[in-house]
Amino acid sequence: ARRGSPLVVGWGEGEMYLGSDALAVGPFTQKISYLEEGDYVAMTRSGARMFDASGRPADRPVVQVSASSAMVEKGAYRHFMEKEVHEQPDSVQHTLSEYLDLVTGTAKKQAIDFAAVDRIQIIACGTAFYAGQIGKYAFEKYAGLPCDVEIASEFRYRSPALTPGTVAVAVSQSGETADTLASLTWCKAQGLKTAAIVNVHTSSMAREAEVLWPTHAGPEIGVASTKAFTAQVSALLALAVAAGVARGKIDATREAELVKALFEAPRLIAEALQMDGQIRAIAHDLAKATDVLFLGRGAMFPLAMEGALKLKEISYIHAEGYAAGELKHGPIALVDEKTPIIALAPLDEVYEKTASNLQEVAARGGPVVMIAPAAAPAPHGAGIRRVDAPDCHPLIAPLVYAVPVQLLAYYTAVQKGTDVDQPRNLAKSVTVE
């Protein structure tokens, strides 16, 4: 029976399967029936009879899912996570193509009329929450559209005050995350327009929301999300540009500039993957640390928190992400010669501010790794180690700079000998509270 958590029926020949999602039963069959909330099923080797919550027979359609879920292999890579990090140029390209027109250089018109929207409420958990926070910066900067982002497990248990003109957007790789799904269902019941940014297009959230905004990352096996994260960020950035156009905040010239920048992201992500050697050398030292601080400003702040989360998840090293300007309000007390600081510093309007913050850290003996373009002026002071990243448009910096923080977590975990793809105590899809 399905209540709260997802459940699918897999149809075989002379055999039947039950699983949490299509990926779970994918190695055995590509014929799937999705149970609705409250459904129960009676199964035999030869078939299944389904009933709804009131006990009436329910005819849930059998759908054919992609065979790719049954044929996921690591190939030449040591871990699924490493493979998925290197798949990001393709997954970002495929996702952007859903929202942008390369031929005309414009953002595609969306099912939701952003001109009639007063506010966006993003609800998500974990890595998807940080993707949502990056989306917030983009929606407010490029579309002038107020945007709130909240952790779903908090949102569903308080009494949020939402206005009728709000669009609730659930962000999830699996589309089955229990807290996010419950929050989306609640928003729908309040009469709000709902949308879902999900990687599994037949998932509960995809079916629950009025509008599906798909990502095209393909199956992600590693528990620590990488390509699904950048696909979510890609979708949010493209939607922010579409919203800016619909609301008259972006003219045709600006739209062409931003769309061009987005379409350059896959190439620049591929360039960022060439930082592999530099990052591997830093990870060798980072593996000896017990605490690490990640710093960033603007959209780099949520990415700093995502970088810290990745390091925690797979290397088990305590890490925190902070807004660089917040250092002097407390966290700088943690700085000493044993606490590495990873700074994300693209050449944008706040670069000089970030560089100044790093000088403060270096002056107190903290070992700083500064990830920045080669063209960026070097901050004064000893103890700042530079890692050259590709120069890029500020809009796509979160996509490009995601690569070094993912590689940093990956190589640190490999150095420590942890289980990279299946870290202790974690599940790929959190379908329970």
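Strand E11 and strand E12 (residues 193-198) pair in the parallel sense, with 6 bridges between them. Within this pairing, Ala168 has Thr194 of E12 as its bridge partner. The model described here is predicted.

Strand E11 also pairs with strand E9 (residues 119-124), again in the parallel sense, over 5 bridges. Here Ile123 is bridged to Ala170 of E11. The two pairings of E11 are set out below.

| Partner of E11 | Residues | Sense | Bridges | Example of a bridge pair |
|---|---|---|---|---|
| E9 | 119-124 | parallel | 5 bridges | Ile123 with Ala170 |
| E12 | 193-198 | parallel | 6 bridges | Ala168 with Thr194 |

In a regular strand, side chains alternate between the two faces of the sheet. In E11, Thr166, Ala168, Ala170 and Ser172 lie on one side, and Val167, Val169 and Val171 lie on the other. Both faces are covered, and each of these residues is buried. The count for the strand is 7 buried residues out of 7.

The loop between helix H5 (152-155) and E11 contains Tyr157. Is Tyr157 buried or exposed? Tyr157 counts as exposed because its relative accessibility is 53%, and the cut-off for exposed is over 50%. Its C-alpha atom is 9.6 Å from that of Asp179, a residue 22 places away along the chain.

E11 also contributes to a pocket. The second largest pocket has a volume of about 630 Å³. Its lining consists of 29 residues, and those nearest the pocket centre are Gly126, Thr127, Glu313, Lys428 and Val430. At least two lining residues come from each of helix H4 (126-143), strand E11 (166-172), helix H6 (178-189) and helix H11 (300-315). By class, the lining is made up of 11 nonpolar, 11 polar and 7 charged residues.

The largest nonpolar core comprises 96 residues, and Phe139, Trp213, Phe294 and Tyr401 have the most contacts inside it. Helix H13 (residues 397-416) gives the most to this core, namely 13 residues. A separate core of 19 residues lies apart from it and includes Ala355, Leu358, Met370 and Ala376.

Which residues are in contact with Phe139, leaving aside its neighbours within four places in sequence? They are Phe114, Ile120, Gly144, Leu145, Cys147, Leu236, Leu239, Ala240 and Ala243.

Conventions. Residues numbered from 1 in each chain as written. Predicted model: local features only at pLDDT ≥ 70, side-chain atom pairs only at ≥ 80, totals over all residues. Heavy atoms only, no water. 1 Å grid on protein atoms, 1.4 Å probe; cavity = no way out; pocket = protein on both sides within 12 Å on 5 of 7 lines; lining within 4 Å. Points joined across faces, edges and corners; volume = space filled by probe spheres on them. Helix = DSSP H or I, 4+ residues; strand = E, 2+ residues; numbered from the N terminus. Nonpolar A, V, L, I, M, F, W, Y, C, P; charged D, E, K, R; others polar. Core = buried A, V, L, I, M, F, W, Y, C linked by side-chain atoms within 4.5 Å. Buried < 20%, exposed > 50% of the residue type's maximum accessible area, 1.4 Å probe, protein only. Contact = heavy atoms within 4.5 Å. Pairing = 2+ DSSP bridges.
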